[in-house]
Amino acid sequence: LDPTPQIVELKAGESKQIELFNTAKPGLQLRKIDKLTHQPVGGTVFSLVKLESGAKRDMGTFTTGENGLFYVPNLSPGDYVLTEVKAAEGYILDSTPHSIYIEGGKLNTVEVFNIPYSSLRLLKIDADTRKPLASAVFKLYDEKRLEVGTYTTSIQGEIYIPELPSGTYFLQEQKAPAGYVLDTTVRQVELIGGKTTTVEWKNTALGSLRILKIDKNSKKPLYGATFLLYDAKNNLLGEFATDQTGLITFGSNLQAGKYKLKAIKSPDGFVLDETVRTITVKEGETTEIVIENEPKTGRIQITKVASAYNDLTKDKEGAGLKGAKFEIYDNQMELVDTIKSDRNGLCTSEYLPLGVYGVKEVSSPDYFITDGEMFYAELKIHDDLVKFKVVNKPVYVETTVEKRGNVEAMAGDSIYYDFTNIENKSNVVLEEFYLRDILPTDAVRLEKIWTGVWNELVKMELQIKTNLKPGYCTET
C-alpha cells in the first residue's frame with residue numbers, strides 16, 4: 001500500500017492524467033489457470049518445500065482462492081519446490097514438481113495450468129424401437145489399447161464414466177443384452193477436456209417379428225386387429241392383437257424359420273382379410289410385415305326428377321333433371337363429397353366409410369326450385385348403396401298489373417290513368433320486369449309521367465320512342 005497523498009491541479013477545459021505506482025511485496029504468488037479456457041481455478045492445493053544444503057524444509061500447503069491465486073509472503077531467497085497435491089474438482093491432478101528460485105525483495109509469480117477431466121456417456125438402445133437396453137457389457141481402452149475398465153449398462157441403458165483425461169479411446173461390446181445380437185465392432189471415441197461425449201450404440205434383436213396394421217387409404221395405424229400365429233407344422237403359438245400404434249412386436253423369442261399368420265378379427269369399420277400369410281423369420285434380423293385393411297364403405301345415390309310439368313323447359317313430371325348439385329357432410333359437418341346429376345338425373349357419391357351423412361342440395365337445375373333442406377343417409381353395411389329420389393318444383397312465371405283511368409274523353413281533354421297492383425305471382429323472385437304502354441301518336445301526346453311512391457329503393461329505367469325518331473331514348 002502506498003498511502004502518500006498525490007496533489008493534482010485541475011484546470012478548466014483540460015484533462016489531467018496521473019500515474020500511481022505500487023511496489024510488490026516480496027514473496028511468492030501462484031496463479032492456477034484452466035488450460036482450455038484460461039479461466040482461474042480455485043480449490044487447488046499445493047505443497048511448498050525449501051531446499052537447504054541438501055535438506056528439505058516443509059513450508060506448508062496452500063490453496064488457490066476463487067481468483068485462482070494464493071500468496072506466500074516473506075520468503076527468504078533460495079531454491080524451492082512447488083508440487084500440486086490435490087486438484088480442484090473436475091480437474092486432472094498435475095503432480096509434476098515445479099522448481100522455483102525465489103529472489104529477495106520482489107514478488108515472484110508462477111503460473112500453473114490444469115486440464116479439466118472429460119466424461120463419456122454411452123446409450124445402448126434397440127435398433128428398431130430405440131428402447132433402452134440394460135445389461136450390455138463394454139470394455140474401454142485408452143489410446144495405447146490399455147484397458148481402462150469394464151462397464152455394464154443400467155436399466156436406462158446408460159454407462160456414465162466421469163473424470164477421464166481428454167484424448168483417444170476405444171469401445172468394444174463384450175456381452176449383448178439377452179435376445180440381441182452381439183456387436184463386436186471396435187469404435188474410436190475422441191474425448192474433449194471439460195465436455196461429455198455421448199455415444200449411441202444400437203443392437204439388433206434376435207429373430208424379431210413385427211406386424212404393422214394400417215388403413216389401406218389413409219395409411220394410419222389400426223388398433224385392435226387380431227391374428228393367430230402358427231409354426232411351420234401348423235401348431236398354434238398364440239393369439240395377438242395390434243396396439244395403439246398398429247403394431248404387434250414378438251421381440252426375440254422366435255426361432256428362425258417359417259410361420260403362418262391369419263387374421264381373425266378386423267378393427268371396427270374394416271373388412272376382415274382372411275388371407276393366410278407365410279412369413280420367414282431370420283436369425284439376427286427383424287422381419288416386418290405391413291398389412292393393409294380395406295375400410296367398410298358404401299355409397300349414396302340420388303335421382304333428381306321434376307315434380308310437375310315445366311312450361312319453360314318442357315320437362316314432364318318425373319323426368320330426370322341434369323345439373324342438380326349436392327354436398328355430402330360427415331357427422332362432424334365436414335364436407336366429404338360433392339356430386340352433380342347427369343342428364344338422366346342420376347348422381348352417385350364416392351365410397352364413404354360407414355356412418356351417418358347429411359346431404360344438401362346447394363344448386364338446382366335451371367328453371368327448377370330446391371328447398372335447400374338437409375336430409376340424412378346412413379351407410380350400415382359394406383358395399384351399401386343408399387338411394388334417394390329428390391324432386392324439384394318447376395319455376396313458373398306470372399305477373400299482374402291494373403291500369404285504370406278515363407273511360408272516354410273529348411278533343412283537347414287531358415287523360416289521366418294509373419298502373420296499380422303490380423305483383424309478382426311467380427314461385428321465384430323476379431329481379432327485373434318491365435311494363436310497356438303504346439300510345440297512338442295521331443290522337444294523343446304524352447305530357448307527364450309520375451313514378452309514384454315506393455317503399456324500397458328501386459332502379460327504374462324509362463325508355464321512350466316517339467314518332468319523330470326511330471330509336472328509344474333512355475332515362476334512368
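Patches are made of residues with over 30% relative accessible area and no salt bridge, with like charges joined within 9 Å and nonpolar side chains (Val, Leu, Ile, Met, Phe, Trp, Tyr) within 5 Å. The close-ups below show a predicted model, in which local features need pLDDT of at least 70, side-chain atom pairs count only at pLDDT 80 or more, and totals for chains, interfaces and linings use all residues. Residues are numbered from 1 along each chain as its sequence is written, and side-chain values use heavy atoms, with hydrogens and water left out.

**View A. Lys322, Lys325, Lys340 and Arg343 form a positive surface patch.** Lys and Arg count as positive and Asp and Glu as negative, while His and the chain ends are not counted; each charge is placed at NZ of Lys, CZ of Arg, CG of Asp or CD of Glu. Look for Arg343 in the loop between strand E24 (335–340) and strand E25 (346–348). Helices (H or I, at least four residues) and strands (E, at least two) are DSSP runs, numbered from the N terminus. Arg343 counts as exposed because its relative accessibility is 69% (buried means under 20% relative accessible area, exposed over 50%, partly exposed in between; 1.4 Å probe, protein chains only).

**View B. Strand E1 (residues 27–34) pairs with E7 in the parallel sense and with E4 in the antiparallel sense.** Two strands pair if DSSP finds at least two bridges between them. E1 and E7 (residues 107–114) share eight bridges, with Gln29 opposite Thr109. E1 and E4 (residues 69–73) share five, and here Leu28 faces Val72. Six of the eight residues in E1 are buried.

**View C. Glu111 and Arg31 meet in a salt bridge, at 3.2 Å from N to O.** This pair joins strand E7 to strand E1 across 80 residues of the chain. A salt bridge is a side-chain nitrogen of Lys or Arg within 4 Å of a carboxyl oxygen of Asp or Glu, and the count by this rule is 15. Glu111 is partly exposed at 47% relative accessibility, and so is Arg31 at 30%.

**View D. Lys304 and Glu361 form a salt bridge (2.6 Å, N to O).** Lys304 belongs to strand E22 (residues 297–306) and Glu361 to strand E27 (residues 355–363), so the pair ties together parts 57 residues apart in sequence. Both residues, Lys304 and Glu361, are buried.

**View E. A nonpolar surface patch of about 700 Å² includes Phe419, Trp454 and Met460.** Accessible areas come from the Shrake-Rupley method with a 1.4 Å probe, and for residues only the protein chains shown count as cover. Phe419 lies in strand E32 (residues 417–424) and is partly exposed, at 36% relative accessibility.
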